[in-house]
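Visitor: Please take me through a close look at one part of this model. Keep it brisk, and give the cut-offs as you go.

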Amino acid sequence: MFRIGYGCDLHRLTDGASLRLGGISIPFNKTAIGHSDADALLHAIADAALGAAGLGDIGEMFPDTSEENRGRDSGEILALCLAAVEERGWRVVNLDCVVCAERPKLGALKQVMRDRIAGILGVSSDCVNVKAKTGEQVGPVGRMEAIEARAVILLERNNERA
């Protein structure tokens, strides 16, 4: 049995010194605003995984009203979401993601993000794909007011746990 999940996230950008994305820190003159470390890509992946397993969303598991979640590492959030997914008897087959950002240019960083995400998910890097798109200078992404990420994940029933 298989299940597909979709997740998306958007964070406003403000002046800063680095951007957290895909579980890595990228030197940049903007940073994302959020209650946790505001990693839009890991948040989208977490929502996709939770959705596929019928477990709601990260806002339910990690509310922004909780001080415990202030500044929390999104890699930890994703790992905890994955643990909940696995507890329900599911495992990751593959993941496909899109990051929408006018800048920074992400081409040289995509493999590093793939490797980091694959490590968190416990899958091979070739089971994770990260694409990067600009906003073509249109809308909040194009004006560098926001960064957006989308993810689609495929889960399969883990017969060892079911």
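Guide: V152 is partly exposed, at 38% relative accessibility; buried means under 20% relative accessible area, exposed over 50%, partly exposed in between (1.4 Å probe, protein chains only). The model is predicted, so local features need pLDDT of at least 70 and side-chain atom pairs pLDDT 80 or more, while totals for chains, interfaces and linings use all residues. Residues are numbered from 1 along each chain as its sequence is written, and side-chain values use heavy atoms, without hydrogens or water.

V152 sits in strand β7 (residues 146–157). Strands are DSSP runs of E, at least two residues; helices are runs of H or I, at least four; both are numbered from the N terminus.

Now the helices. S74 belongs to helix α3 (residues 74–87). Is S74 buried or exposed? S74 is buried, with a relative accessible area of 1%. S74 touches S36, D37, A38, D39, L42 and H43, leaving out residues up to four places away in sequence. Contact means heavy atoms within 4.5 Å.

Helix α1 (residues 40–52) and α3 have axes that come within 9 Å and cross at roughly 10°. The α1 side of the contact is L42, H43, I45, A46, A49 and L50; the α3 side is S74, G75, I77, L78, C81 and V85. Axes are lines fitted to C-alpha atoms, for helices over the stretch in contact, with angles from 0 to 180 degrees between N-to-C directions. α1 and α3 are therefore roughly parallel, a label for angles under 35 degrees.

Methods: Angles under 35 degrees count as roughly parallel, over 145 as roughly antiparallel, 65 to 115 as roughly perpendicular and the rest as oblique.
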